[in-house]
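Where do the nonpolar side chains gather in this fold?

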Amino acid sequence: MCHLLVVEESEFALRQAVVLYYETKEPFYLPAELAEGEEVFLATKDGIVAYAEVLFSEYTTRPVDPHWLTEADEQERTYACLDLISVDLRHPLLGSPLSGLQVKPGQTDLKVRQWLVEAWQAGHFESDVTTIDQAKNRRMERFRERNHPAPLKEFCEMCGNKQQSILEWHEHHGHFQTLCPTCHRLAHQSIEKMEDVAATSDQASPKQ
């Protein structure tokens, strides 16, 4: 199942929260009754900001979180514990108010879910990621890339771009390259294509 969960930013600082919890890989809670393993698109009234998976739901008082902007009461509600898969505060869907997307909050049907997933992947950096497992693996790669201790080279190793402020690490099988964002994306797409070709070749090969 897939859900679109809209958060009121006057009550909870969603954008700041998803950035922090994506970086720290910590789950967090939002008021919703959702089943384990369900997909969730997190949105504000301005559009979608993140894609997550439900770990579990529990009936409890509001869990402590510094991103709440309202005082907590002692009333018990159902809260979903969410694990972020991807976050993008520059995604085109964030510039598309929900009223314009004609997508209603709550559980989505299969057609809307497919459209949301494809639209998110098309506009997100991880456009070659197609499954939750791949997204989780990519998240770990991105974390290692951002925290690689060695100094970046002075140029992109693929195109030669010397704009130091945009250069970043790309990891592949434990090896790191200095790339610009464009070449970084192309590198991931090339890897995905090679893996697809290899898989197709294996399936096509006659059994000995």
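The largest nonpolar core holds 25 residues, and Val18, Phe28, Leu30, Leu42, Leu82 and Leu84 have the most contacts inside it. A nonpolar core here is a set of buried Ala, Val, Leu, Ile, Met, Phe, Trp, Tyr and Cys residues joined through side-chain atoms within 4.5 Å. Buried means under 20% relative accessible area, with a 1.4 Å probe and protein chains only. The model is predicted: local features need pLDDT of at least 70, side-chain atom pairs count only at pLDDT 80 or more, and totals for chains, interfaces and linings use all residues. Residues are numbered from 1 along each chain as its sequence is written, and side-chain values use heavy atoms, leaving out hydrogens and water.

Take Leu42. Leaving out residues up to four places away in sequence, Leu42 touches Leu5, Leu14, Val18, Phe28, Leu30, Ile48, Val49, Ala50, Leu82 and Leu84. Contact means heavy atoms within 4.5 Å. A second, separate core has 14 residues, including Leu4, Tyr51, Val117 and Trp120.

Now helix 1. Helices are DSSP runs of H or I, at least four residues, numbered from the N terminus. Buried in helix 1 are Leu14, Ala17, Val18, Tyr21 and Tyr22. Seen down the axis, these buried residues fall within an arc of 120 degrees, so they line one face of helix 1. The arc is taken from the directions from the helix axis to the C-beta atoms. After helix 1 comes Lys25, with a positive phi near 65 degrees.

Last, Ala187 in helix 5 (residues 181–204). Ala187 counts as buried because its relative accessibility is 10%. Beyond its neighbours within four places in sequence, Ala187 contacts His170 and Leu179.

How values were computed. Helix = DSSP H or I, 4+ residues; strand = E, 2+ residues; numbered from the N terminus. Buried < 20%, exposed > 50% of the residue type's maximum accessible area, 1.4 Å probe, protein only.
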